[in-house]
Amino acid sequence: MPSKDGYIKWVDFKVTSEAMNDAYAYDIETHHTDTPLDWICLLAILGSKYGGDFKNYKQSDLTAIAEPLIKKETSLTDMTKDMTYYDYYNEAYHAVLGGFVGEYQIGEAAVSPDAKDSQQTSSKQGYETVYGLKAFSPIAKNFPYSDYDDFGVSRSFGYRRQHLGHDMMGQIGTPIIAVESGYVECLGWNRYGGWRIGIRSFDKKRYYYYAHLRQNFPYCKSLKEGSVVTAGDVIGYMGHTGYSDKENVNNIDMVHLHFGMQLIFDESQKDGNGEIWISCYELARFLSKHRSEVVKDASTKEWHRVQPMIDPAAERFKKQSKTQAKN
């Protein structure tokens, strides 16, 4: 809940993939109507009703919220005015999901079947403008993986602590995908995570952590700190590095990606005792339907996305960065 400092200190994200899918469907279906519904606001209303725990989620509960709004029998303001914790859940869930849905441009040559539930609205310079899911699974399309809900389980290397991420087991060299567009905030070796990449969302609310990357060939070669990446880009390769003070060592028993998301409501929370890490299991399930297709460049051994995409958020950030550099 918000503290005396005015920002949220803790989030326990328990929204199920089923609830996300259903709310997202309402967002897509109503986007071009005169009663557009924001999927995150719908989830925030459910969060208020459920006390944040979606284990007993029923689609009928969401329907009871969405249909009166669509029919203009009530407004979002009237529906939520007496919900004590709606503002909290609305801010918290927007922090988690705020970069997932919106407009983007996709190359007309090969519209991805994963984007079939998106809405194409216009054509410009060989691209279609699309409204829909613009976040991707962290595992490239056609590469197998397995996972389970392992958030919070015990870890003992270095010191006893909780596992603050989501492990996705697969094969060495599996291309790792940028879930959301952002900029590389850190890249290099960490004694716990091995070779890892940290990517910050443009609104600075989300910090994505991709760890245990491949020995000798952990990253896309063009990446460096400050690089801007677009959701769906290949950023690195799965491995099992880490648990070592010495760089480039495979001390993790199982090949996997450690995928984490940290929420940041105030910059003081970025590093230290106030860190907020959330469970990504249900997020990974939700994003599993949207995986970036990739192809290998035989000359460089690098993998690259097949589907070209332009994210307006990335273009705005690049433009702002250039302007700031000139000033």
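1. Salt-bridge network. Glu185, Arg200, Glu267, Lys270 and Asp271 are linked in a network of salt bridges. The model is a predicted one. In total, 15 salt bridges are counted. The points below take up some of these pairs, then a helix, the cysteines, a pocket and a loop glycine.

2. Arg200 and Glu267. Arginine 200 sits in strand β10 (residues 194-201), while glutamate 267 is in the loop between β14 (256-263) and β15, so the pair ties together parts 67 residues apart in sequence. Arginine 200 is buried, at 1% relative accessibility. Glutamate 267 is partly exposed, at 47%.

3. Lys270 and Asp271. These two side chains also form a salt bridge, with an N to O distance of 3.8 Å. The cut-off is 4 Å, so the pair qualifies. Aspartate 271 reaches 59%, so it is exposed, the limit being over 50%.

4. Asp233 and Arg305. Another salt bridge joins aspartate 233 to arginine 305, with the closest N and O atoms 2.9 Å apart. Aspartate 233 lies in the loop between β12 (228-229) and β13 (234-237), and arginine 305 in strand β17 (residues 302-305), so this contact ties together parts 72 residues apart in sequence. Arginine 305 is buried, at 16% relative accessibility.

5. Helix α2. This helix covers residues 39-50. Among the buried residues are Trp39, Ile40, Leu42, Leu43 and Tyr50. Gly47 is buried as well.

6. Cysteines. The disulfide count is zero. Cysteine 220 is in no disulfide, and the nearest cysteine sulfur, that of cysteine 186, is 16 Å away. Cysteine 220 is buried, with 11% relative accessibility. Cysteine 41, one of the buried residues of α2, has a relative accessible area of 12%.

7. Second largest pocket. Its volume is about 260 Å³. The lining holds 17 residues, and Phe13, Lys14, Asp149, Ser279 and Glu282 lie nearest the centre. Two elements give two or more residues to this lining: β15 (276-278) and α6 (281-287). What is the make-up of the lining by class? It has nine nonpolar, two polar and six charged residues.

8. Glycine 239. This residue is in the loop between β13 and β14. Is it buried or exposed? Glycine 239 has 1% relative accessibility, so it counts as buried. Its C-alpha atom is separated by 37 Å from that of tyrosine 7, which is 232 residues away along the chain.

Terms used: Residues numbered from 1 in each chain as written. Predicted model: local features only at pLDDT ≥ 70, side-chain atom pairs only at ≥ 80, totals over all residues. Heavy atoms only, no water. Disulfide = S-S within 2.5 Å. Buried < 20%, exposed > 50% of the residue type's maximum accessible area, 1.4 Å probe, protein only. 1 Å grid on protein atoms, 1.4 Å probe; cavity = no way out; pocket = protein on both sides within 12 Å on 5 of 7 lines; lining within 4 Å. Points joined across faces, edges and corners; volume = space filled by probe spheres on them. Helix = DSSP H or I, 4+ residues; strand = E, 2+ residues; numbered from the N terminus. Nonpolar A, V, L, I, M, F, W, Y, C, P; charged D, E, K, R; others polar. Expected span 1.5 Å × (residues − 1).
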